[in-house]
Amino acid sequence: MKPLPKKYDSKACEAALRARWAESDTFVWDPAAPPDSDYVIDTPPPTVSGALHVGHVYSYTQADIMARYMRMSGRNVLYPIGWDNNGLPTERLVEKVRKVRGGAMAREDFVALCKEVIPPYEQQFRDLFDRLALSVDWSREYQTISDESRSVSQMSFLDLYRKGLLERRPEEPTLWDPVDRTAIAQAEVKEIEREGRLNYIPFEIEGGDVEPAVIATTRPELIGACGGLMIHPRHPRAGELIGRRAISPLYTVPVGIHAEDTVDPDKGTGIVMCCTFGDVTDIRWYRAHNLPLRPVMGRDGRMRADLPIGSQDWPTLDMDSARSTLAALAGMKAASAREAILDILASKDLILKQEATRQMIPVAERSGAPLEIIITPQWFIRTLDFKDQILEKGRRITWRPDYMRQRFETWVEGLKWDWCISRQRHFGVPLPVWYSKRPGEEGKVIIASINELPVDPTIDVPAGYEAHEVDGERDVMDTWATSSVSPQLNTRSINEAFALDLDTHKRQFPMALRPQAHEIIRTWAFYTIVKALHHENKIPWTDIAISGWCLASDGTKMSKSRGNVIKPGKLLDEYGTDPVRYWTGASRLGQDTVLSPNTLKQGKRLVTKLWNAARLAGMSLEIAHAHNALSPTTPKSDIETGVISHPLDQWLLGALSETIDKASRSFENYEYAAALREIEEFFWRTYCDNYLETVKRRTRFEGEPKGEDLSAVHTLWHATNALVRLFAPFIPYVTDTIYQGMLNGGQDRPATVHARGMWPRVRDQARAGAFKAEGDAFMQILSAVRRIKSEAQVSMKTKVGALTIAMEEKGCVADLVGATEKDLKAVTNVSTIVCTTVSPPDGAPSVRSQEGRFIVSVERLINDSVRG
């Protein structure tokens with residue numbers, strides 16, 4: 001045992017401990033341990049986009065707190081780490097850094113550039129996570145674009161294709177981002193509210209014998225895409241319109257009028273134009289009524305000029321008007337085309353009225369661009385037919401907090417699209433597909449075999465074919481298509497049919513925990529559940545822990561546009577790692593939390609107080625150790641053998657036992673913030689404020705401690721040892737520094753407090769509630785005397801001539817506080833303590849105990865100290 005320095009040097013200690021943990025493989029998973037002890041975490045692979053922020057600190061530290069507890073509780077924790085280094089964010093980073101446009105480069109050149117640019121940004125994440133003391137197993141590091149990850153991701157594709165759960169749809173309405181020029185999935189869409197105009201526009205009825213059908217639309221630029229009008233069968237005009245044809249204004253294209261039960265007769269005019277495509281409803285009506293396909297918007301988000309209006313499939317009654325309208329709108333983006341066509345309609349008196357309206361419009365989550373729905377060939381994983389099974393799997397998973405499951409279920413129930421996994425990008429996992437050009441099998445889909453993986457169809461050729469006989473698929477997979485098999489990336493297998501390491505997969509899948517943020521429930525959580533269902537009819541993990549957001553001090557989400565983003569390095573430099581981890585640990589799962597300087601300062605105060613409390617205990621422990629008088633076993637055993645005999649020592653250890661039990665239960669329920677509150681309550685109030693003050697008289701021994709002094713030093717050792725372990729998941733640096741300096745007594749103890757099995761075991765502790773009534777009464781008397789002295793504005797060292805305790809029942813001091821009168825006199829600096837049934841004399845300073853059981857009064861203060 002060696003004395004702790006007077007001050008804790010966090011920077012020096014942190015660097016030394018990181019090196020020691022790495023050298024000793026402290027956090028490496030043990031394959032030789034029994035499989036039933038495994039606790040495998042499906043760690044989120046952060047997106048390598050060059051944007052480190054406090055949110056990474058917040059969510060990843062919360063996951064690490066749980067990982068550390070699980071390891072210390074005896075589990076064989078596998079806590080891998082990966083980097084999601086393919087996809088649109090990475091492409092944007094590379095374009096920004098190298099000032100290039102991926103779309104203007106050869107694919108192989110841009111991919112090579114991406115591989116060259118991203119390593120330094122991955123290293124930034126490594127450095128941050130290492131400094132944060134994330135107890136990940138760095139030997140299990142992976143990248144989503146590595147050869148092995150691409151193989152596993154492509155194996156997932158092969159398995160789903162063979163099962164008929166994945167298919168290519170050559171003409172499928174697709175959510176399209178015109179800025180990034182790629183298809184996206186429903187989960188990548190967000191809705192924003194904006195001001196719009198509802199325009200009432202007449203469609204003449206063929207024959208001219210009835211009044212025009214008036215539609216109300218916010219997207220008049222899509223009139224050219226109109227394939228029919230929909231009207232509810234109970235609409236007042238249904239009888240005269242259903243089955244007839246209307247004439248679209250300006251384009252003069254005849255379109256059918258159809259009965260449709262899903263039209264809201266009270267919205268607008270109750271007559272709706274169906275275009276290809278304005279929204280999901282248009283797709284449903286287009287299919288239900290077998291309407292013509294008339295796309296007017298191109299992949300660049302601009303109005304097309306090459307429409308075949310006037311052809312047999314797209315007839316017009318006035319070619320000049322149609323061509324004039326096409327020419328006027330050609331090349332315009334949607335918003336500009338909207339204003340332009342309204343001007344044309346107004347010039348021809350074809351706008352009957354306009355109304356302001358608030359509308360929700362879908363935009364791409366990444367680019368923020370309003371989405372279009374266009375026809376493109378894409379690959380889809382079937383989800384709509386499996387809603388019930390997906391919901392059932394979701395209900396078999398324990399959601400922490402439980403209410404987050406409702407977000408998942410609401411998302412699943414609101415699904416309107418199958419999962420589109422193909423993307424028109426460069427840097428991603430290639431779709432393992434070719435299309436034959438051989439005579440007689442033109443267009444045949446050729447899927448790679450497992451032995452060919454990983455494959456890039458733009459370079460590689462399928463077995464049995466030559467390069468000139470195939471066209472390789474140029475699309476790549478959606479990033480989520482690979483991230484959704486993050487458990488399988490770690491087990492290196494999809495199922496028995498597609499495996500690189502089947503034994504590991506059988507042992508580690510399903511996993512124990514998925515930690516993630518709430519905003520990606522609809523993506524990462526949903527997609528991973530879908531993949532586990534489709535591949536093996538399993539759940540991917542037993543528990544999912546959902547973290548909230550880190551908010552700015554004004555309660556808003558941090559963002560670059562608001563200028564309120566705080567860089568993690570700056571925060572760690574200012575406060576140190578342990579206080580920052582304390583802040584994250586004080587926030588519950590699922591809770592959005594403000595970055596609070598007060599909480600960070602409290603974390604810093606805790607680190608200092610724990611260090612000082614350990615130093616204080618260490619002064620007595622060093623003397624006892626020097627005299628070979630310190631030989632602690634467990635609190636329970638030391639009490640049973642009489643080593644710990646003093647009532648207040650047993651009271652403290654009984655309270656500690658209760659704290660360990662409550663903290664353990666909270667941790668097992670993933671309520672780490674509640675565990676922290678329990679531990680802090682014991683540390684600050686029970687241990688520091690009360691016990692350390694009362695035990696001082698028994699720590700001033702010289703030479704070998706015996707009797708009550710020996711009891712005190714063993715209690716101090718057990719309390720310090722337990723507190724260091726209890727706080728270890730939250731503040732790992734200072735706790736391990738204290739442990740290795742004071743408590744690691746030799747080869748029979750682990751080298752680090754963070755080793756497997758180091759969490760305090762309840763069965764080793766003192767009896768919960770030992771000496772509770774007497775100990776609580778003792779502390780209430782002490783509290784009362786402190787209050788009296790405080791109100792008298794005198795020092796706690798001020799002597800008290802007589803302390804009177806008035807009770808209703810007759811008794812002596814020992815009846816109230818047991819054999820601790822000597823301790824009570826010492827800590828209160830009292831000469832005499834008297835118990836009585838007589839009320840305190842008038843004017844005597846007095847305080848009623850917390851429980852109202854007695855009244856404490858002081859008859860005489862002998863103030864030898866300086867006031868106030």
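**Figure 1. Accessible surface of the predicted model.** The protein exposes about 36700 Å². Carbon and sulfur atoms supply 47% of that area. Buried residues account for 56% of the 868 residues.

**Figure 2. Overall dimensions of the protein.** The C-alpha trace spans about 115 × 70 × 45 Å along its principal axes. The radius of gyration is 36 Å.

**Figure 3. Secondary structure and contacts along the chain.** The protein contains 26 helices and 30 strands. Consider contacts between residues at least 6 apart in sequence: 78% of them join residues at least 24 apart.

**Figure 4. Crossing of helices α16 and α17.** Two packed helices are described by the angle between their axes and the distance between the axes. Helix α16 covers residues 568-575, and helix α17 covers residues 577-585. Their axes come within 7 Å. The crossing angle is roughly 110 degrees. Angles of 65 to 115 degrees count as roughly perpendicular, so α16 and α17 are roughly perpendicular to each other.

**Figure 5. Residues at the contact of α16 with α17.** From α16, the contact involves L571, L572 and Y575. They meet T577, P579 and V580 in α17. By class, five of the contact residues are nonpolar and one is polar. No charged residues take part in this contact of α16 with α17.

Technical notes. Residues are numbered from 1 along each chain as its sequence is written. This is a predicted model: local features need pLDDT of at least 70, side-chain atom pairs count only at pLDDT 80 or more; totals for chains, interfaces and linings use all residues. Side-chain values use heavy atoms; hydrogens and water are left out. Axes are lines fitted to C-alpha atoms, for helices over the stretch in contact, and angles run from 0 to 180 degrees between N-to-C directions. Helices (H or I, at least four residues) and strands (E, at least two) are DSSP runs, numbered from the N terminus. Angles under 35 degrees count as roughly parallel, over 145 as roughly antiparallel, 65 to 115 as roughly perpendicular and the rest as oblique. Contact means heavy atoms within 4.5 Å. Ala, Val, Leu, Ile, Met, Phe, Trp, Tyr, Cys and Pro count as nonpolar, Asp, Glu, Lys and Arg as charged, and the others, Gly among them, as polar. The radius of gyration is taken over C-alpha atoms; the globule rule is 2.2 Å times the number of residues to the power 0.38. Buried means under 20% relative accessible area, exposed over 50%, partly exposed in between (1.4 Å probe, protein chains only). Accessible areas come from the Shrake-Rupley method with a 1.4 Å probe; for residues, only the protein chains shown count as cover.
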